[in-house]
Amino acid sequence: MLAQQFRQILAHATPILLAQLTSMGMMIIDTVLLGHHGTDDLAAVAVGGGIYISVVFALAGIVQAVAPTVAHLHGAGRDEEIPGALQQALWLALLLAVPGACFLRHPGALLALSTIDPLVEEKARAYLALLALGMPAILLYRTFHAFCNALGRPRPLLLISLGGTLLHGVLAYLLVTGKWGGDALGVLGCGVSNVVVSAFSVVCATAYLRFGSALRPWQVFAAWQWPRRKPLGELLQLGLPMGFSHFVEISSFTLMALFVAQLGASAVAGHRIVANLAAICYMLPLALGIATLAQVGQAAGAHQWRRAELSIGAGLLLAGGLSALLGLLLWSIAVPLTAAYTDDRAVQAVALALVGYVAFYQIFDAVQTIAAHALRGYRITFVPMCVHVVCFWGVGLLGGWWLALHAPRPLGVAGFWLASVLSLVLAAALLGALLWRALRAVQR
């Protein structure tokens, strides 16, 4: 049974990983294009992009409550209830898009937390205003993303990600560099391209829901429901802690970028490169975590507790082992990687000094990611959220702020990354202990 779980999780996680890496290609494209276009534009996308990702992941985390909901329904054999669950989640996505777009249009509260170069701030604000236009589309697509994963149908996500990234690569290149025949738009070109790709993705998702043969048995657009208070409330009860966990984890890096902005454009740009590498590495345990959540959720819905436990064991072994190897690989090719991002020697030096932290913490990040997703498979979300607050905001962000800027011997940007390592070690220990207690509880 353990070997079977290995196969199922790998079969599910591989298309997810490829889709996520393909989507991450958009971030890489932005960073490389702007790294060669201008340091101010790269710094602006570091600050603005961090805010955007924090908002999107927080709101997407809420609508992703559809994943454990659908997984439980499917495991329990209640497939006739699945279309209604998806429809309510889509309504929730549209409702959440309103505050999300408003926040991106008015990001002053976050930007005021740090002293930022006026030109960088101006560019970041304009970039965020453009991204606000794509907020409804991106949340609708993230709902579709969670739904497909809950049913173990990740392949369309890969195809859509491939198409979207190719579209972004061409469009961003033309707009950023001015090859489209007009002015070189810099960071604004990346913003326009991201909005277009969001619309493209949601159109493809709608077409697949309507015409895809794999989802035809569920008839997701049949008997369409208007928003209903009870199912929306249930999604919010499950999803709000998930969304806040996402927000805490991502915003710790966003706020880190804002604080690093005090150290100059080179420090911000170098941090952006390493944060980009860290995000790419995170895709591996995240893909395995999503697959583990689906397996655990379906097993829990069917009350097959032994199967759920084996799924968790397989997820932890796969993520821990593969992430450790990934960390070694990252360390061994750090020099050519940083050189590929930028020609600026000062920025390269900052990035090279930070890569070791990312390489070291991979195994701890893997453990905490799998544990958190497995707990969501059991529909346990509140206490893991509290753990994330303590670890990522308390140890990682606050501790990093002190180490970087206010310690007797300030460490600079390296202080934030050292604190991040400590926060992930603590999160892995606490979430691992919580998951162990959950396993023991369901076996009684």
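Author: C386 is partly exposed, with a relative accessible area of 32%. The term belongs to a scale on which buried means under 20% relative accessible area, exposed over 50%, and partly exposed in between, computed with a 1.4 Å probe on protein chains only. C391, by contrast, is buried, at 0% relative accessibility. This is a predicted model, in which local features need pLDDT of at least 70 and side-chain atom pairs count only at pLDDT 80 or more, while totals for chains, interfaces and linings use all residues. Residues are numbered from 1 along each chain as its sequence is written, and side-chain values use heavy atoms, leaving out hydrogens and water.

The nonpolar interior comes next. A nonpolar core is a set of buried Ala, Val, Leu, Ile, Met, Phe, Trp, Tyr and Cys residues joined through side-chain atoms within 4.5 Å. The largest such core has 123 residues, and L104, M135, L139, F147 and W417 have the most contacts inside it. Helix α2 (residues 39-63) gives the most to this core, namely 14 residues. Helices here are DSSP runs (H or I, at least four residues; strands are E, at least two), numbered from the N terminus. Another core lies apart from it and has 18 residues, among them I9, A13, A291 and A314.

Contact means heavy atoms within 4.5 Å. With its neighbours within four places in sequence left aside, M135 is in contact with V55, V56, L59, A97, G100, A101 and L104.

S54 also has its place in helix α2, and is buried at a relative accessible area of 1%. Not counting residues up to four places away in sequence, S54 touches F247, I250, S251 and T254. The C-alpha atoms of S54 and F244 are separated by 9.9 Å, although the two residues are 190 apart along the chain.

F244 and F247 both lie in helix α10 (residues 229-260), 3 residues apart, or about one turn of the helix. F244 is partly exposed at 32% relative accessible area, and F247 is partly exposed at 24%. The structure holds 10 aromatic pairs. F244 and F247 form one that is tilted, 6.1 Å centre to centre with 35° between the planes. For such pairs, rings of Phe, Tyr and Trp (its six-membered ring) must have centres within 6.5 Å; planes under 30 degrees apart count as stacked, over 60 as edge-to-face and the rest as tilted. Elsewhere, W91, F221, W224 and W226 form one aromatic cluster.

A ring may also face a charge. The charged end of R440 sits over the ring of W436, 4.4 Å from its centre. The criterion is that NZ of Lys or CZ of Arg is within 6 Å of the ring centre and within 35 degrees of the ring normal.

Buried residues of α12 include A308, I312, A314, L318 and L330.

In the loop between α11 (265-301) and α12 stands H303, exposed at 58% relative accessibility. H303 has a positive phi of about 60° although it is not a glycine. R379 likewise is not a glycine, yet has a positive phi of about 65°. R379 is placed in the loop between α15 (362-377) and α16 (382-406), and is partly exposed at 38%.

Two prolines complete the account. P99 belongs to helix α4 (residues 82-105) and is partly exposed, with a relative accessible area of 45%. P217 is found in the loop between α9 (187-211) and α10, exposed at 65%.
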